[in-house]
Amino acid sequence: MLVAVVVLVLAAGAFVGLDAAGHVPGALFDDPRSEPTATTSPSLAPSVAGPVLTPATGGGGNVPGVAAKLLADPALGGDIGAYVVDVATGDVVLDRDAAGARAPASVAKLATAAAALVALGPEARLETRTVAGAQPGEVVLVGGGDTTLTARAATTAYPRPATLAELADATAAALRVRGVVDVTVRVDDSLFPGPSVSPDWQPGYVGAGVVSPVSALSLDGGRLRPGLAKRSRDPAVTAGEQLARLLRDRGISVRGQISRATAPPDAEALGAVSSPEISSLVESMLDKSDNDLAESLIRLVASSRDQPATFDGGTAAVADVLTELAVPTDGLALLDGSGLSRGSRVAPETLGALLALAAGDGADPRLRPLVTGLPVAAFSGTLADRFGPGAGRGGAGVVRAKTGTLTGVASLAGVVVGGDGSPPGQSRLLAFALMTDDVPAAKALAARIALDRIAAALAGPDG
């Protein structure tokens, strides 16, 4: 099985970094709270020519039937929904109340990811810039929605994020050319008008390592410093303070406090840095279940579709994109881009159909990162510590899936090579979505194991 894992990942093009996860007392999350280390490579390459998982020979038996029996695990509660579809043929091989919408938790990020890839385009980049303000000696730091902008002076992470140090270098050089050595720093985060915190999020989510206040200008996902779980209550001002410090280090005097100002429409450019491509951002978001990046992307999708860059505008824009893709949206009711809102509703059929659309031979190439960004079972991202002995080990290296976990909610949606294809003795690529929002108290871990076993069973009778 180790060979299978290595072959799968090398075929995709790059290794995926692993993250340690923390939890807020009283709530369960599948998203890591710490940043990747300097040697981390947190994303699979987006340039995959065919289906990401190529069906291989082997297997046999009534795999969907075995998976269906596993749905009776009491740890999953009484409201489990399941949808499994043959990617090549479109045949539905397992449907357990698949049209019934449920609280998705972080599998909602699949919808956010698809909308970003379609509405923004896989090759688009997010720009953070500095411009001359309306007042003499005023430097305005303008956010473009890039939550991956980092305060690290240098990084070897893949994909390589934009650094504030590079922006400070360019800004200081431009100021010296103009003979300006004494400035005030202002911040412009007006691209996202607010609110910055959803009323549907549980108390304690913001600032405690789960999510930052949503801002068009932030460093390291709003963290007070790289690698720290604790978040800033005002990410834009924190970013401005960091820029001021960097400018001082480069011989520019900075006076006064950091405050907000809107950059003039015809402002003179001083410096700019760009994020990795949207395709890479989407892969990283899915691999690490990055809440901050998800909330930024959904607002950028809204803006691109002439919607307000808010929670409501973003979720409406995502629904429009899914409709354009002809993905079933019955019961769809998103309240955010990350899946933290417990009132959101998504049907397993919606997610399964979306993944099948992204994984097929004739798939829209814009959607390919939706699959290549999925964590690999027992190897990467939020699946790094799952699919072990006694918990669906047969799916290790074969299942690729997005996780979703909140208190009372467990979900798993992805792709897997199924072992009962036609003709006999061959396999087929399956897209699946498994969801329950009725997990009994104290059964969270058991529910995750149950979902892993079902996904592993889809891989074949030995799963």
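In this structure, helix α3 passes helix α7 in a left-handed crossing, a term used if the near helix is turned anticlockwise from the far one by less than a right angle. The structure is a predicted model, in which local features need pLDDT of at least 70 and side-chain atom pairs count only at pLDDT 80 or more, while totals for chains, interfaces and linings use all residues. Residues are numbered from 1 along each chain as its sequence is written, and side-chain values use heavy atoms, with hydrogens and water left out. Helices (H or I, at least four residues) and strands (E, at least two) are DSSP runs, numbered from the N terminus.

**The helix pair**

- The axes of α3 and α7 (residues 291–304) come within 9 Å and cross at roughly 45°, where axes are lines fitted to C-alpha atoms, for helices over the stretch in contact, and angles run from 0 to 180 degrees between N-to-C directions.
- The two helices α3 and α7 are therefore oblique to each other, given that angles under 35 degrees count as roughly parallel, over 145 as roughly antiparallel, 65 to 115 as roughly perpendicular and the rest as oblique.
- Contact, meaning heavy atoms within 4.5 Å, is made by residues including A115 and A116 of α3 and L297 and I298 of α7.

**The nonpolar cores**

- A nonpolar core is a set of buried Ala, Val, Leu, Ile, Met, Phe, Trp, Tyr and Cys residues joined through side-chain atoms within 4.5 Å, and buried means under 20% relative accessible area, exposed over 50% and partly exposed in between (1.4 Å probe, protein chains only).
- The largest nonpolar core has 69 residues, and those with the most contacts inside it include L110, W201 and L297.
- Helix α3 (residues 109–119) gives the most to this core, contributing 9 residues.
- A second, separate core has 30 residues, among them V399, A401, V416 and A456.

**The open sheet**

- An open sheet is formed by 5 strands in the order β2-β1-β11-β10-β9, with antiparallel pairing, and two strands pair if DSSP finds at least two bridges between them.
- Strands β2 (92–96) and β9 (400–406) stand at the edges, each with a single partner strand, so one side of each is left without a neighbour in the sheet.
- Strand β11 pairs in the antiparallel sense with β1 (residues 80–86) over 7 bridges, and with β10 (residues 409–418) over 9 bridges.
- Within these pairings, A82 has L434 of β11 as its bridge partner, whereas A410 has T436 of β11.
- In strand β11 (residues 428–436), 9 of the 9 residues are buried, so this strand is largely enclosed by the rest of the structure.
- In a regular strand the side chains alternate between the two faces of the sheet.
- Both faces of β11 are covered, with F432 among the buried residues on one side and A433 among those on the other.
- Helix α11 (residues 444–459) lies across β1, β9, β10 and β11, and runs at about 15° to β10.

**Backbone details in the loops**

- Most residues other than glycine have a negative phi, and most peptide bonds are trans.
- The peptide bond from Y158 to P159 is cis, with omega near -5°, and P159 lies in the loop between β4 (138–142) and α4 (164–177).
- A cis peptide bond also runs from G194 to P195, with omega near 5°.
- D306, although not a glycine, has a positive phi of about 60°, and with 73% relative accessibility this residue counts as exposed.
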